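Please look through the sequence and the structure below before reading on.

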Amino acid sequence: MITFKRTQPDRPVGDRDAHRLKGLSRQIVTSVAVMVLAIMMMVLLGSYAFYASLWMFFPASLSPPDSWFPSPAEWMWIVVTTLIGLGIAVWVAARLSRRILAPLNSVATSLRQVAQGNLAARADTNDYSLGEATQLVSDFNAMAERLERIEQERIFWNAAIAHELRTPVTILRGRLQGLAEGIFQPDPALFASLLHQVEGLARLIEDLRVVGLAESGHLQMHLREIDLQGEIMTVVKACESALMEKGFCLSLDLQIRLVVCDPIRIRQALLALLENVLQHARPGAIMIKTRSDDSAHYLSVEDSGPGIGMADPHLIFEAFQRGPLADGPDQKGNGLGLAVVKAICNAHQGIATYTQSHMGGSCFTLCWPA
């Protein structure tokens, strides 16, 4: 018996936990306070030094005691200290504004580029940018990357859907046109072939609907306590003849009965896994297993080969992804079956995983909370 070890993903540690960034308001207050203190110290200490020098070396340059107006030397000192104070204020303001405005201007420029359709635009910052400005640039770049990825996925989905719909629609159009022109004679075999193509289209549309609802977060589950063994047997009876015709030998190892789930969706996921076996596995043994522990329920389907040779097995659960052995003119399936399995499992707050089977093939496991 195979046992499965459930691992919890590591909790990501962000930069905020590693480095405490100085806040923008704190930086402004600190810079202004330091600037004012520096100017006051310059004026105060400079005035002591200035008047001490005049008193010792140029006493005649001081204004008379009974005069309210500064002397020319004092006027010069007032002008010099004012200019120095203004210079310090301008220098501090320029440095502070550069640290604030440089990333903001970069974000504004990139926003205009994104609005014009350039989703590859990214804002940049430097090592002197303040905390909130740096975080703003980081958030904008994350948003732009997500928009670009969504656009790429949209283009990919449109092309993939058009590709999957083209073959059955072309076949239906050709045969219906042949019937209309009298090239084909109406007979049960032809109608069965047309019905098969229509059923394939219906499955494709339903799979697209499930995956689309799952990605938008609107795939609803109707959870209730069911007899899982009975639901599995219903699917097995529906697929048993097709499996036997292809040379598969099905065995069951069902250890749990009552679970809380959506029975229709669980049957749909199991059916997708068995159809995946029919399309991609070589004839041999198939094992359906169920087990449960204190935290989760497990449903797995194993086959005897050839397995999936992908570098990243998680990609096989993405829409329109096929293993390397499925490429070529004889590829089967629409690439949505395992995406439907993942969508249903995620809707149950669970995960779908792929591992190598001890039987030499694939082992797909559905795990959802107990």
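Helices α6 and α7 cross in a right-handed sense, where a crossing is right-handed if the near helix is turned clockwise from the far one by less than a right angle, and left-handed if anticlockwise. This is a predicted model, in which local features need pLDDT of at least 70 and side-chain atom pairs count only at pLDDT 80 or more, while totals for chains, interfaces and linings use all residues. Residues are numbered from 1 along each chain as its sequence is written, and side-chain values use heavy atoms, with hydrogens and water left out.

On the α6 side, the contact (heavy atoms within 4.5 Å) is made by Leu228, Glu231, Ile232, Thr234, Val235, Cys239, Ala242 and Leu243, and these meet Pro263, Ile266, Arg267, Leu270, Leu271, Leu274 and Leu278 of α7. Sorted by class, the residues in this contact are 12 nonpolar, 1 polar and 2 charged; here Ala, Val, Leu, Ile, Met, Phe, Trp, Tyr, Cys and Pro count as nonpolar, Asp, Glu, Lys and Arg as charged, and the others, Gly among them, as polar. Helix α6 spans residues 228-245, and its packing angle with α7 is about 30°, with the axes 10 Å apart. Axes are lines fitted to C-alpha atoms, for helices over the stretch in contact, and angles run from 0 to 180 degrees between N-to-C directions. The two helices are therefore roughly parallel to each other, a label given to angles under 35 degrees, whereas those over 145 count as roughly antiparallel, 65 to 115 as roughly perpendicular and the rest as oblique.

Helix α7 (residues 263-280) also packs with helix α5 (residues 188-216), at an angle of about 120° and with the axes 13 Å apart. That angle makes α5 oblique to α7, and α5 passes α7 in a left-handed crossing. Arg203, Glu206, Asp207, Arg209 and Val210 in α5 meet Arg265, Gln268 and Glu275 in α7, and by class the residues of this contact are 1 nonpolar, 1 polar and 6 charged.

The strands come next. An open sheet of 5 strands runs in the order β2-β4-β5-β7-β6, with mixed pairing; strands pair if DSSP finds at least two bridges between them. Its edge strands, each pairing on one side only, are β2 (249-254) and β6 (351-356), and the twist from one strand to the next averages 15°.

Serine 304 lies in the loop between β5 and α8. This residue is buried, with a relative accessible area of 15%, where buried means under 20%, exposed over 50% and partly exposed in between, for a 1.4 Å probe and protein chains only. Leaving aside residues up to four places away in sequence, serine 304 touches Arg282, Pro283, Gly284, Ala285, Met359, Gly360 and Gly361.

Taken as a whole, the protein has 8 helices and 7 strands, which are DSSP runs (H or I of at least four residues for helices, E of at least two for strands) numbered from the N terminus.
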